[in-house]
Amino acid sequence: MKNPVVIGVSWIATYIVIILFPLFILLLYPPTPSNERSFLLEFSAALGFIGLTMMAMQFALTARINRIEASYGVDLILQFHGYTSIVAFFFILAHPIIVFINNPETLQLLNFFQAPWRARAAVIATLALIAIIVTSIWRKQLNIGYENWRIAHGILAVIIVE
């Protein structure tokens, strides 16, 4: 029988490696000298990549994978899901804020009707992310029934990572 502590630590290490994987790829393919960006812009991109990967991992966390559940239990996994979602939310929210601080002209991307489609998609995903966090934390205070919340949560989750 394997040591449960070793198994638990290995799952955490796997999670960290997966969420940092996009940064490892960027290390292999650094920007060319003509495309070099400021540290703030690179930091913002890193936060965005990590946050997006963390959001994608939320689907795996809640997929009821037997090996992971056996290591931690459903309650702990769902608690981890909630906490990591909030961390990912702040990473993702920090991404555009840093971009706007670094280059205030990029605020034009918030003009929904004149912005390119990628910027519109980013605004929609960010609004969906805010909605999923608000409804998840304050579901009871907002008088949202569990089944309705669960349906909305699934739809919003897909919009966020789409």
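Among contacts in the protein chain (heavy atoms within 4.5 Å) between residues at least 6 apart in sequence, 66% join residues at least 24 apart. The model is predicted: local features need pLDDT of at least 70, side-chain atom pairs count only at pLDDT 80 or more, and totals for chains, interfaces and linings use all residues. Residues are numbered from 1 along each chain as its sequence is written, and side-chain values use heavy atoms, with hydrogens and water left out.

**Exercise 1. Describe the secondary structure of the protein chain and the confidence of its elements.**

Step 1. Helices (H or I, at least four residues) and strands (E, at least two) are DSSP runs, numbered from the N terminus. The protein chain has 6 helices and 0 strands, and its pattern along the sequence is α-α-α-α-α-α.

Step 2. The C-alpha atoms fill a box of roughly 55 × 45 × 20 Å along the principal axes.

Step 3. Confidence is given by pLDDT, the predictor's value for each residue, from 0 to 100. The chain has a mean pLDDT of 90, and 96% of its residues reach 70 or more.

**Exercise 2. Determine the span of H5 and state which of its residues are buried.**

Step 1. The expected span of a helix is 1.5 Å times one less than its number of residues. H5 has 21 residues and reaches 30 Å from its first C-alpha to its last, close to the 30 Å expected.

Step 2. Buried means under 20% relative accessible area, exposed over 50%, and partly exposed in between (1.4 Å probe, protein chains only). In H5 the buried residues are Ala119, Arg120, Ala125, Ala128, Leu129, Ile132, Ile133 and Thr135.

Step 3. The cover over these residues includes helix H2 (39-61), H4 and helix H6 (146-161).

Step 4. For the whole chain, 27% of the 162 residues count as buried.

**Exercise 3. Classify Ile65 as buried, partly exposed or exposed.**

Step 1. Ile65 is placed in the loop between H2 and H3.

Step 2. Its relative accessibility is 36%, so Ile65 counts as partly exposed.

**Exercise 4. Characterise the largest pocket and the largest cavity.**

Step 1. Rolling a probe the size of a water molecule over the atoms shows where empty space is left. On a 1 Å grid over the protein atoms alone, a cavity is a set of points where a 1.4 Å probe fits but cannot get out; a pocket is an open set with protein on both sides within 12 Å along at least five of seven lines; lining residues have an atom within 4 Å of a point. Grid points are joined across faces, edges and corners, and a volume is the space filled by probe spheres set on the points.

Step 2. The largest pocket has a volume of about 1000 Å³. Of its 32 lining residues, His95, Pro96, Arg118, Ala122 and Thr126 are the closest to its centre. H5 gives the most to this lining, with 10 residues.

Step 3. The lining of the largest pocket divides into 23 nonpolar, 6 polar and 3 charged residues. Here Ala, Val, Leu, Ile, Met, Phe, Trp, Tyr, Cys and Pro count as nonpolar, Asp, Glu, Lys and Arg as charged, and the others, Gly among them, as polar.

Step 4. The structure holds 1 cavity of 30 Å³ or more, and the largest cavity has a volume of about 30 Å³. Leu61, Thr62, Arg64, Glu69, Val74, Ile77 and Leu78 line the largest cavity. Helix H4 (residues 74-102) gives the largest share of this lining, 3 residues.
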